Amino acid sequence: MSTPQTPPAAAVPGDDAPTLLVKIFGKDRPGITAGLCDTLAAYDVDIVDIEQVVTRGRIVLCVLVTAPTAGDGTEGDLRATVHSWAESMRLQAEIISGRGDNRPRGTGRSHVTVLGHPLTAEAAAAVASRITGTGGNIDRIFRLAKYPVTAVEFEVSGAETEPLRTALATEAADIGVDVAVVASGLQRRAQRLVVMDVDSTLIQDEVIELFAAHAGCEAEVAEVTARAMRGELDFEQSLHARVALLKGIDESVVDKVRAEVRLTPGARTLIRTLKRLNYQVGVVSGGFTQVTDDLKERLGLDFASANTLEVVDGKLTGRVVGEVVDRAGKARLLRRFAAEAGVPLVQTVAIGDGANDLDMLNAAGLGVAFNAKPVVREAAHTAVNVPFLDTVLYLLGVTREEVEAADAHVD
């Protein structure tokens, strides 16, 4: 029985080995890449690198090949043949002599995602300039989405992630775009856990205000909320004060509030896509389990935790039972969910809008401030300031085309 032969390793040219960069550009149509490679094959050259991009029907195809060796024809023959083929295809060709492979990429590699609504040339120039100013080099750029926002991703090398994130956060605030910076590496593609706040993040409403509307105490609840925002009450104090105003409401109001809850645009798309990617998804809320448990069931969430309104004899007592989910509690729950999911914290994503989300956002591998107050935007890793929750997918490298392709396939 013959022994299977191991194929020889591909030859990698040394720094001084002659190579040719063959560039083809023009109107795209099927067969261009195959035609060029077939043309080059006549000279027995090896492909060292190849990249292609098509924008509005125009192709740019670059192939880096080893130079022809003796007996395979001369470089001049190759040039003439490629130009003749390109002319026959109504394309343009450029061939550049050089030596070796591509220049090694610098240490420190990151993915920089930019969201604009719209994305202006001025904003793109400012982001690119700031990347250069940090010592980074833009290796590749491609579009993730064209609607509901324009999202593009820059692959950057030569700058460490944290300094780059800090520099671009400042720039983003000045030019009115959202910028997220995450480190390159396998962990970006690994299974993750995404944990969201509920009120004004997963949903458009503040649940306690919905309850207050049925109790006729909206103004009183709003005043307590305002006191908390002024720093006169901490979250737990304000929670107890507001819940006390709900005393005596019939338990049937819970079903009415559930029916009134409005999901944030893009929420279903975000969760559906994350689940298809085998992500685990959870929510933590300073609101109430009477609503979050329903959301967990409706949306197929893996985790949910919130405060629980006490009900006795079919009436709300004006108290909550169990441990209060506050700012510190949300961070603890993120860690607990991650442990239960078997996901390291560095591979978690947290999304929230309020100051009580800050500990959770900072504990996560990526903290996203969603339409948040300025203090939250400044403290989070990145901010999204458009009203579409599914734009978070772009920060994870998921394209709009991939989302739509998955939606077109019936599970």
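Modeller: Here is a walk through the sheet, strand by strand, and then its helices.

This is a predicted model, where local features need pLDDT of at least 70, side-chain atom pairs count only at pLDDT 80 or more, and totals for chains, interfaces and linings use all residues. Residues are numbered from 1 along each chain as its sequence is written, and side-chain values use heavy atoms, with hydrogens and water left out.

Start with the strand order. The open sheet has seven strands, in the order E12-E11-E10-E9-E13-E14-E15, and the pairing is mixed. Helices (H or I, at least four residues) and strands (E, at least two) are DSSP runs, numbered from the N terminus. Two strands pair if DSSP finds at least two bridges between them. Strand E12 (315-321) and strand E15 (382-384) are the edge strands, each pairing on one side only. On average, neighbouring strands are turned by 25° against each other, direction ignored.

Now look at strand E14 (residues 366-370). Four bridges join E14 to strand E13 (residues 348-352), and the two run parallel. E14 also pairs with E15 in the parallel sense, over three bridges. Val368 of E14 is the bridge partner of Ile351. Val368 also has Thr382 in E15 as a bridge partner.

How much of E14 is buried? Five of its five residues are, so E14 is largely enclosed by the rest of the structure. Buried means under 20% relative accessible area, exposed over 50%, and partly exposed in between (1.4 Å probe, protein chains only). In a regular strand, side chains alternate between the two faces of the sheet. In E14, Leu366, Val368 and Phe370 are buried on one side, and Gly367 and Ala369 on the other.

Next come the helices. Helix H7 (residues 235-244) lies across strand E10 (280-288), strand E11 (303-312) and E12, at about 170° to E12. Angles run from 0 to 180 degrees between N-to-C directions; axes are lines fitted to C-alpha atoms, for helices over the stretch in contact. Helix H10 (residues 289-299) packs on the sheet too, touching E10 and E11, and its direction makes about 140° with that of E11. Contact means heavy atoms within 4.5 Å.

Finish with H7 itself. Its buried residues are Ser238, Leu239, Arg242 and Val243. They cover an arc of only 125° around the axis, which puts them on the same side of H7. That arc is taken from the directions from the helix axis to the C-beta atoms.
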